[in-house]
Amino acid sequence: MNNHFHDSRYYLARAAEHARLGVAETLEPHADRVRSRLGLAVETEPEPSRLEAVRADALGLERRAAHRVRGVAGDVRGRVDGGRSSDADDR
């Protein structure tokens, strides 16, 4: 029986959320008109296109990869230089 209450609570919350979104979508043109008449209209920047979002993600990945490569290269240089100095001391 408890599962039935859990399921009904889930679907009730989901229905309420969809109802809220539907009311907000229906009232959006009216709210925009009221805001513009009151001088409260806020201009928003358009969302980036899918291509711009993918480019931004690719640039971020490239930067992170370059940063990691520099770190690894520095570690390897340190190991190689450390090995050379000990080899040179032994000779």
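**Surface patch and salt bridges**

Leu40 counts as exposed because its relative accessibility is 52%, where exposed denotes over 50% relative accessible area, buried under 20% and partly exposed in between (1.4 Å probe, protein chains only). The model is a predicted one, in which local features need pLDDT of at least 70 and side-chain atom pairs count only at pLDDT 80 or more, while totals for chains, interfaces and linings use all residues. Residues are numbered from 1 along each chain as its sequence is written, and side-chain values use heavy atoms, with hydrogens and water left out.

Leu40 is located in the loop between α1 (2-38) and α2 (50-90), helices being DSSP runs of H or I with at least four residues, numbered from the N terminus. Together with Val34 and Leu38, Leu40 makes a nonpolar surface patch of about 310 Å²; patches are made of residues with over 30% relative accessible area and no salt bridge, nonpolar side chains (Val, Leu, Ile, Met, Phe, Trp, Tyr) being joined within 5 Å and like charges within 9 Å.

Two salt bridges are present in the structure, each defined as a side-chain nitrogen of Lys or Arg within 4 Å of a carboxyl oxygen of Asp or Glu. In one, Arg20 pairs with Glu17, with 2.7 Å between the closest N and O atoms; because these residues are three apart in helix α1, about one helical turn separates Arg20 from Glu17. Arg20 counts as partly exposed at 46% relative accessibility, as does Glu17 at 36%. Another salt bridge joins the side chains of Asp32 and Arg35 at 3.0 Å, N to O, and Asp32 and Arg35, being three residues apart in helix α1, are likewise separated by about one helical turn. Asp32, at 36% relative accessibility, counts as partly exposed, and Arg35, at 39%, also counts as partly exposed.

Terms used. Areas by Shrake-Rupley, 256 points an atom, 1.4 Å probe, with all protein chains shown as cover. Helix = DSSP H or I, 4+ residues; strand = E, 2+ residues; numbered from the N terminus.
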